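Q: I'm new to this one. Can you walk me through the structure?

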Amino acid sequence: MQVLSRIVVAAAVLVVSVLGAQAQTQDKLKIGVIATLSGPPAVLGQQLRNGFELAIKQLGGKLGGREVEVLVQDDGLKPDVAVSKVKALVDRDKVDFVVGPIFSNILQAIMKPATEGGAILISPNAGTSNFAGKDCNPNFFVTSYQNDQVHEVLGKYAQDSGIKKAFIMAPNYQAGKDSLAGFKHYFKGEVVDEVYVPLNQLDYSAELSKIAAAKPDAIFVFLPGGMGVNFVKQFRQAGLADKVKFLSAFTVDESTLPAQKDAALGFFGGANWAPNLDNPQNKAFVAAYEKEYGAVPGTYAFQAYDAALLIDSALKATKGDTSNKDALRAALKKANFQSLRGKFKFNTNHYPIQDFYLVKVAKRPDGKFQTEIVKKVFEDYADPHAKDCPMK
Amino acid sequence: MSTTFLLVQTLNGLQLGVLLFLIAAGLTLVFGVMDFINLAHGVQYMLGAYFAVAFYSVTGNFLAALLLALAAALVFGIVLEFLIFRHLYGRDHLDHVIATFGIILFLNSAVKIVWGAAPLSLPIPEALSGSILLMDGLLYPVWRLVIIGSGLAVAALLYVFVNYTRIGMLVRAGSTHAPIVAALGVNISRLFTIVFGFGAMLAGFAGVMIAPILSVEPGMGDTILILAFVVIVIGGVGSIRGAFIAALLIGLVDTLGRSFAVDILRLVMAPSPARTVGPAIASMLIYLLMAVVLYLRPTGLFPARGR
């Protein structure tokens with residue numbers, strides 16, 4: 001009996017040492033990054049890429065002890081291009097992880113080619129409702145949020161702060177309609193007008209006249225990218241900023257503030273993080289990012305940074321092994337890393353449960369602009385779609 | 001629905017129209033005179049705005065930035081013409097489209113490499129940064145009035161230039177009878193270079209004037225290019241007068257459509273479907289207008305003579 005147990009122990013030692021040796025001779029870990037790096041929204045994709053690469057650099061070029069090779073691809077905001085690039089990453093380059101994308105319509109397109117090809121897909125931004133609910137996927141993890149939640153932050157805040165009349169506006173496409181629906185989910189006051197503008201409208205003078213005529217207490221807008229830059233400038237120029245509270249989602253953030261500058265001062269947004277969030281890791285991150293890239297990081301950068309930390313934590317748990325997918329998924333699900341946002345854990349649908357804040361545009365002493373946290377609006381907020389997800 | 005509100009929206013419409021005219025003027029000139037489809041007109045407009053931002057950061061003076069940007073846009077237009085466009089004049093329209101589309105892609109990326117992908121901004125010059133109270137609670141920036149004024153001035157200048165100057169005469173003659181004009185001893189190729197450089201400068205001027213209101217970003221010319229083409233097609237290709245009237249027409253139709261479509265539809269249908277249908281119809285209106293005009297007058301409202 002004693003002999004047998006000795007043999008077992010010896011075998012175990014042998015197995016462990018062989019595995020250990022294997023871990024040392026493992027190939028480089030390949031990670032594909034797919035982001036929008038051309039066209040007007042390129043700045044968002046650059047933040048994503050920079051945030052991800054910064055994390056790897058700070059970890060000494062290694063994740064979970066393995067050397068990393070990052071293959072960056074531009075989807076050009078075209079779903080068909082994204083699909084062929086992701087296929088190449090998964091089938092030809094054999095990446096273990098795909099990190100991306102920025103936009104929800106790209107996410108819809110690359111979900112199948114990425115996850116069915118055997119890679120783990122980690123989204124550092126897009127988080128659609130279908131993949132949070134009935135189409136949830138064991139090989140898909142989100143380090144950002146479920147899209148609706150950001151719009152709900154403003155709706156909740158408008159409701160709680162006693163705003164009676166709101167004027168709401170968004171581009172005339174699916175995400176715009178979802179945005180206004182998300183706002184109205186919590187806001188029960190009077191919506192004086194609900195306006196849909198063509199995507200990429202440049203001049204908002206007609207809408208500004210409407211806002212002035214409607215005399216609302218607050219407006220809520222979802223005008224991402226250049227649309228937001230134009231609208232914010234024109235809203236300020238029309239003298240409405242002093243009379244109407246400006247609530248927004250994805251309209252004033254670190255990607256647009258360099259162009260909006262003083263015009264956006266004091267305007268409100270919603271987020272799961274802000275550059276001034278007070279914890280030591282975040283302070284170090286913001287300082288390092290600004291030193292490296294000369295710009296203030298936004299949510300796109302921090303969520304990609306967290307995605308790298310997430311992969312690092314999972315590979316530490318599996319000792320660098322990516323072949324056992326069940327073990328890898330279990331390790332990812334634990335989210336055993338210190339997120340820059342503080343508290344972070346995954347729900348059953350692999351979307352985060354986290355806090356959300358009302359943020360406000362402020363000018364820093366060095367003259368740069370950033371969003372800063374005003375108050376916590378939701379605590380440990382989980383999206384409602386998780387109940388439709390079959391994963392447990 | 002007060003009268004003031006209607007008047008304000010009409011003014012907004014006029015302003016959008018003038019803005020469109022500034023861009024369409026150069027496009028119709030090049031298209032009409034040289035029979036050259038220049039899709040790159042939009043990126044020249046973008047470059048004007050970028051040049052202004054760059055020169056403003058150096059000089060800190062809007063007027064200096066404007067003049068330097070105009071000069072830069074002119075030089076850049078002439079260089080482009082010299083290097084690329086002059087080799088395409090005799091060729092098919094499809095070749096123009098492909099070549100100038102290539103220039104769009106190239107310059108959009110080049111701008112991103114030089115200035116970055118994030119949108120930039122140009123402040124309104126201090127002296128003109130005031131605003132006037134237009135209706136209760138709504139200020140109208142003086143700068144928008146300046147845009148209207150400069151658009152009208154450009155229209156008047158172009159009218160005089162094309163109709164009453166020697167160069168204007170050559171331009172008109174060259175557009176319809178180029179070989180004859182050349183046979184009379186006029187250097188037609190140099191004339192085309194001048195027209196092209198001038199067109200590029202007009203696009204650059206539009207970009208500079210609009211930069212304080214809109215964001216300066218890569219690809220900013222692409223959206224406006226489509227509208228500019230709608231303008232020159234409705235106005236009649238090559239006609240400055242046509243471009244002017246069509247631009248104002250489109251500005252008014254688009255703005256009034258956006259303002260009142262939902263309200264008008266609410267008279268005949270429930271509020272919720274009106275909200276869905278209204279914006280869809282409003283954004284189609286200018287294209288519907290174009291279809292109607294083309295049906296009634298296939299060469300546009302004011303076709304240039306000799307076409």
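Q: First up, how do α8(A) and α1(B) cross, left-handed or right-handed?
A: The crossing of α8(A) and α1(B) is right-handed. A crossing is left-handed if the near helix is turned anticlockwise from the far one by less than a right angle, and right-handed if clockwise. Before we go on: this is a predicted model, where local features need pLDDT of at least 70, side-chain atom pairs count only at pLDDT 80 or more, and totals for chains, interfaces and linings use all residues. Residues are numbered from 1 along each chain as its sequence is written, while chains are lettered from A and ligands numbered from 1 in the order in which they are written.

Q: And how are helices and strands picked?
A: They are DSSP runs, numbered from the N terminus: helices are H or I with at least four residues, strands are E with at least two.

Q: At what angle do the axes of α8 of chain A and α1 of chain B cross?
A: Roughly 160 degrees, and the axes come within 9 Å. Axes are lines fitted to C-alpha atoms, for helices over the stretch in contact, and angles run from 0 to 180 degrees between N-to-C directions.

Q: What does that make α8(A) relative to α1(B)?
A: Because of that angle, α8(A) is roughly antiparallel to α1(B). The cut-offs: under 35 degrees counts as roughly parallel, over 145 as roughly antiparallel, 65 to 115 as roughly perpendicular, and the rest as oblique.

Q: Which residues make the contact between α8(A) and α1(B)?
A: From α8(A), A:Ser205, A:Ala206, A:Ser209 and A:Ala213. From α1(B), B:Phe5, B:Val8, B:Gln9, B:Asn12 and B:Gln15. Two residues are in contact if their C-beta atoms, placed from the backbone, lie within 7 Å.

Q: What classes are in the contact of α8(A) with α1(B)?
A: There are 4 nonpolar, 5 polar and no charged residues. Ala, Val, Leu, Ile, Met, Phe, Trp, Tyr, Cys and Pro count as nonpolar; Asp, Glu, Lys and Arg count as charged; the others, Gly among them, count as polar.

Q: Zoom out. How many residues does the contact take from each of chain A and chain B?
A: Chain B gives 34 residues and chain A gives 36 residues.

Q: Which element gives the most to the side of chain B that touches chain A?
A: α1(B), with 6 residues. That side of chain B divides into 17 nonpolar, 13 polar and 4 charged residues.

Q: New topic. In what order do the strands of the open sheet in chain A run?
A: The order is β2-β3-β1-β4-β5-β6, and the pairing is mixed. The edge strands are β2 (62-63) and β6 (140-142) of chain A, each pairing on one side only. Two strands pair if DSSP finds at least two bridges between them.

Q: In what sense do β1 and β3 of chain A pair?
A: Parallel, over 7 bridges. Strand β1 is residues 29-35 and strand β3 is residues 66-74. A:Gly32 has A:Leu71 of β3(A) as its bridge partner.

Q: Which helix packs on the sheet?
A: Helix α2 (residues 42-58) of chain A, touching β1, β2, β3 and β4 of chain A. The direction of α2 makes about 160 degrees with that of β1(A).

Q: Where does A:Pro101 lie?
A: In the loop between β4 and α4 (104-116) of chain A. The peptide bond from A:Gly100 to A:Pro101 is cis, with omega near -5 degrees.

Q: And what about the phi of A:Leu77?
A: A:Leu77 has a positive phi of about 60 degrees, although it is not a glycine. A:Leu77 is in the loop between β3 and α3 (79-92) of chain A.

Q: How is chain A divided into domains?
A: Domain 1 is 29-145 + 277-354, and domain 2 is 149-271. Those bounds come from an automatic or database domain assignment. Taken over C-alpha atoms, 29 Å separate the two centres.

Q: Last one: at what angle do α9(B) and α10(B) pack?
A: About 120 degrees, with their axes 8 Å apart. So α9(B) is oblique to α10(B). The crossing is right-handed.
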